[in-house]
Amino acid sequence: MVHTLTLKLTRSMQLRQMLKLPSEETDAFRLANSEGDSISGLIIDIYGNTAVVESSALWVEVHREEVERALRATLQDDVEIFWRQSKDKLVQEGMSKEELETGPNPSEARQQMVKEHRVEFEVELGAGSQKTGFFCDQRDNRARIAQLAKQKDVLDCFSYTGGFALHAAANGAKSVTAVESSKAALRIAEGNASRNRVNVDFKEADVFDFLKGAMENGQKWDIVVIDPPKYAPTQKSLERARRKYHGLNKRALSVTRSGGLLLSCSCSRAMTGSGKFEDMIASAAQDAGKRVTFLGTFGASPDHPNHPSMPETKYLTATLVAVFDT
């Protein structure tokens, strides 16, 4: 078991090294992407000298010691391993709630510092954080917005700990506004802005309500980013989610200046796989009285590989559009 896991993780690490990860500029990346790296049920994110293991399969829990030994053998560094359980998925795998409570516990919550394209972030590790604590899958899309942000007014919606906002601010944006409903995430985001010596106007608010208020007040931005949570966790919820995406995009388009840009994201596999994300944006634009031109559709950063026979591993869509008044 240890030998086989070490071989797979070593192969995964070699691929990341081909992608120049880690580097002097970036030390946060995904080492193991479950089925995408042919290690179903095992996700490992590297944050500096910490490896965060997200366990979502029974075999991972049963062989926790072997997984940790293989990981140490692969990295060959004094790495600290942080163990995180995806409890809902483990229950689906057959583990009882009693087994989860009495078995080996996940690691204690703590903070970890990382850097991404030289921008520094505090990552919250623990049960209260989203996923493993940071969204490495949006790395390339954050860099894309950073390259476009100079002397622009930028709005980052669902900012979490400031990902898009900080990159825009660090790359010369004229102004940056970041909207997030979580008080805990905003606290970290504000610390991140201070740490990087950039100015970001953080707003604790529901994004839908914030955008409605901005429309009423006639506020506009040159670049708008919307990166909402998973609205369509299943195919059954797709139609309801599509309506929510439509309403969100309509409001986001309404506050984008003519000639500006909207980056609209979805992390819902059902929405991505439907092939109708661009149609939804076009419909929302029409309802908002806007005209859009599609500039590109992007996925997760390449350290999140997809399995060719498992389309569900391709979950992230980020569509960049130019927005014009009609």
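Reply: Start at a helix end. This is a predicted model. D206 caps the N-terminal end of helix 9, residues 207-217. One of its side-chain oxygens lies 3.0 Å from the backbone nitrogen of F208.

Me: What follows helix 9?

Reply: G218 does, and its phi is positive, near 70°.

Me: Which residues of helix 9 are buried?

Reply: The general idea comes first. An α-helix has 3.6 residues a turn, so residues three or four places apart point the same way. Now the case here. V207, F208, F210, L211, G213 and A214 are the buried residues of helix 9. Their cover includes strands 7 (153-157), 8, 9 (201-204) and 10 (221-226), along with helix 10 (238-254).

Me: Where is T177, and is T177 buried or exposed?

Reply: T177 sits in strand 8, residues 175-180. Its relative accessible area is 8%, under the 20% cut-off, so T177 counts as buried.

Me: Which residues does T177 touch, leaving out those up to four places away in sequence?

Reply: V154, L155, D156, D201, K203, F210 and W221. One of these, F210, is also among the buried residues of helix 9.

Me: How do I read two packed helices?

Reply: Use the angle between their axes and the distance between the axes. Take helix 6 (residues 139-148) and helix 7 (residues 163-170). Their axes come within 8 Å and cross at roughly 35°. The crossing is right-handed.

Me: Which residues meet there?

Reply: Helix 6 brings N141, R142, I145 and A146; helix 7 brings G163, F164 and H167. By type, that contact has three nonpolar residues, three polar and one charged.

Notes:
Residues are numbered from 1 along each chain as its sequence is written. This is a predicted model: local features need pLDDT of at least 70, side-chain atom pairs count only at pLDDT 80 or more; totals for chains, interfaces and linings use all residues. Side-chain values use heavy atoms; hydrogens and water are left out. Helices (H or I, at least four residues) and strands (E, at least two) are DSSP runs, numbered from the N terminus. Buried means under 20% relative accessible area, exposed over 50%, partly exposed in between (1.4 Å probe, protein chains only). Contact means heavy atoms within 4.5 Å. Axes are lines fitted to C-alpha atoms, for helices over the stretch in contact, and angles run from 0 to 180 degrees between N-to-C directions. A crossing is left-handed if the near helix is turned anticlockwise from the far one by less than a right angle, and right-handed if clockwise. Ala, Val, Leu, Ile, Met, Phe, Trp, Tyr, Cys and Pro count as nonpolar, Asp, Glu, Lys and Arg as charged, and the others, Gly among them, as polar. A polar contact is a pair of N or O atoms within 3.5 Å; within protein, one must be able to donate a hydrogen and the other to accept it, and residues adjacent in sequence count only if both atoms are side-chain atoms.
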